Amino acid sequence: MFIHNQGEWYLMKNVKEIVRQRLKKGEVTYVVFRYLYRMVHDFRDLAKGCFTYVYLKHKVMPIMKSTNSSLPPVMNDVNVIWVCWLQGIEQAPDIVKKCYKRLTALENHRIIVITNDNFEDYVNIPEYILDKYNKGIISPTHFSDILRATLLYQHGGLWLDATIYLTSAIPPDIWAEKLFAFRWDNSLVPWDSFSNHFLRAHAGDIVLGSVLKGLWEYWKKNTEMRNYFLFHYLFYFAIHLDEKSRAIAHDMLTMYSEENHILQSMLFDDYNSKTWKWIERISFMQKLTYKFSEQKIKKKTYYMHIMSQ
């Protein structure tokens, strides 16, 4: 579900809390309400998604197609893993620290943590974007979208969200890809077909170059985020800009995001060793979250199992 601002998030949270207090989970009334709630918000999300699509197609996509748009210099292509926590890993939540520790234990590739103190050592970003980020107009989350596109375009490598927990080393097949992003198998709309929490690319990649032009153009014209998943829309446009981009997307290894989001929804369920082994088999990574109440933390859950590793 798309949540577009903090006030809206708190409103929806309060509505759901009131329903939980009034209705017991499992009762028919609760099930009906939950179904209607999802249906209404799915329709709202679809409407907002269509408006976003039309806006970007007419206002941003022409710049993505343009050969006159400038891009940052392309450096030597490197097999490096990029992780970002702008305040520094030392200031990150425990679950993020655990994901990073797991990454360093399993991977032999060079790992670079991007922070507020060092990102300018690696990327060239327009001043108007830096100014909007420093003023809080661009959130840290959406600034990280700009960082991942710029880092991969300028240097190549592999981007992992800081909340990714590896169950095994990253497969060689992914390192061998020209471009890789996980797909959503059950997406109802084309612009939500790919994820950006895990990306593999080479320096100078034309698809990410197009995404980068789109991000820069969007933030040149806007002072607010129209849609949380802006990167996903731009990626969709980028792989359909021309025959070469379509060919790159067509040749991309297909792996599905559903398989690496299983543990996120089970994080505070009771731990089951057989289920854990199944999760480890189904994907080499799981996308977790640090956004949860500490009241959920209890013994013998998947969360505690991860933290004990």
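**Buried charges, helix packing and surface features**

At a relative accessibility of 15%, Asp 161 counts as buried, because this class takes in residues with under 20% relative accessible area. The model in which this residue is placed is a predicted one, and the values reported below are computed from it. The side chain of Asp 161 meets that of Lys 287 in a salt bridge, with an N to O distance of 3.9 Å. This pair connects distant parts of the chain, since Asp 161 belongs to the loop between strand 3 (157-160) and strand 4 (164-166), whereas Lys 287 belongs to strand 7 (residues 285-287), 126 residues apart. Lys 287 is likewise classed as buried, its relative accessible area being 13%. Both residues also take part in a network of salt bridges that links them with Asp 145 and Arg 148.

With a relative accessible area of 0%, Asn 260 is buried.

Asp 131 and Lys 135 form one of them, in which the closest N and O atoms are 3.2 Å apart; Asp 131 counts as partly exposed at 36% relative accessibility, while Lys 135, at 59%, counts as exposed. Another is formed by the side chains of Glu 217 and Lys 220, for which the N to O distance is 4.0 Å. These two residues are three residues apart in helix 8, and are therefore separated by about one helical turn. An α-helix has 3.6 residues a turn, so that residues three or four places apart point the same way. Glu 217, with a relative accessibility of 8%, counts as buried.

Glu 217 is also in contact with Ile 63, as are Ser 69 and Lys 213, when the neighbours of Ile 63 within four places in sequence are left aside. Ile 63 is located in helix 3 (residues 61-65) and is partly exposed, with a relative accessible area of 27%. The C-alpha atoms of Ile 63 and Tyr 218 lie 9.7 Å apart in space, although the two residues are 155 residues apart in sequence.

Helix 10 (residues 243-250) has Ser 245, Ile 248 and Ala 249 as its buried residues. These residues are on the same side of helix 10, because they cover an arc of only 95° around the axis. The cover over them includes strand 5 (179-183), helix 8 (206-221) and helix 9 (230-238). On the face turned away from the buried side, helix 10 carries the exposed residues Glu 243, Lys 244 and His 250. The N-terminal end of helix 10 is capped by Asp 242, of which a side-chain oxygen lies 3.2 Å from the backbone nitrogen of Lys 244.

On the surface, a nonpolar patch is formed by Val 32, Leu 36 and Met 39, which together have about 250 Å² of accessible area. Val 32 lies in helix 2 (residues 28-59) and is partly exposed, with a relative accessible area of 42%. Ala 176, placed in the loop between helix 7 (172-175) and strand 5, counts as exposed at 64% relative accessibility. Ala 176 and Ala 201 are 25 residues apart in sequence, and their C-alpha atoms are 9.7 Å apart in space.

For the chain as a whole, 13 helices and seven strands are assigned. Of its 309 residues, 47% count as buried, and the accessible surface comes to about 16500 Å², of which 53% belongs to carbon and sulfur atoms. Among the contacts in the chain with a separation of 6 or more, 77% are accounted for by residues 24 or more positions apart.

Note on methods. Residues are numbered from 1 along each chain as its sequence is written. This is a predicted model: local features need pLDDT of at least 70, side-chain atom pairs count only at pLDDT 80 or more; totals for chains, interfaces and linings use all residues. Side-chain values use heavy atoms; hydrogens and water are left out. Buried means under 20% relative accessible area, exposed over 50%, partly exposed in between (1.4 Å probe, protein chains only). Helices (H or I, at least four residues) and strands (E, at least two) are DSSP runs, numbered from the N terminus. The arc is that of the directions from the helix axis to the C-beta atoms. Contact means heavy atoms within 4.5 Å. A polar contact is a pair of N or O atoms within 3.5 Å; within protein, one must be able to donate a hydrogen and the other to accept it, and residues adjacent in sequence count only if both atoms are side-chain atoms. Patches are made of residues with over 30% relative accessible area and no salt bridge: like charges are joined within 9 Å, nonpolar side chains (Val, Leu, Ile, Met, Phe, Trp, Tyr) within 5 Å. Accessible areas come from the Shrake-Rupley method with a 1.4 Å probe; for residues, only the protein chains shown count as cover.
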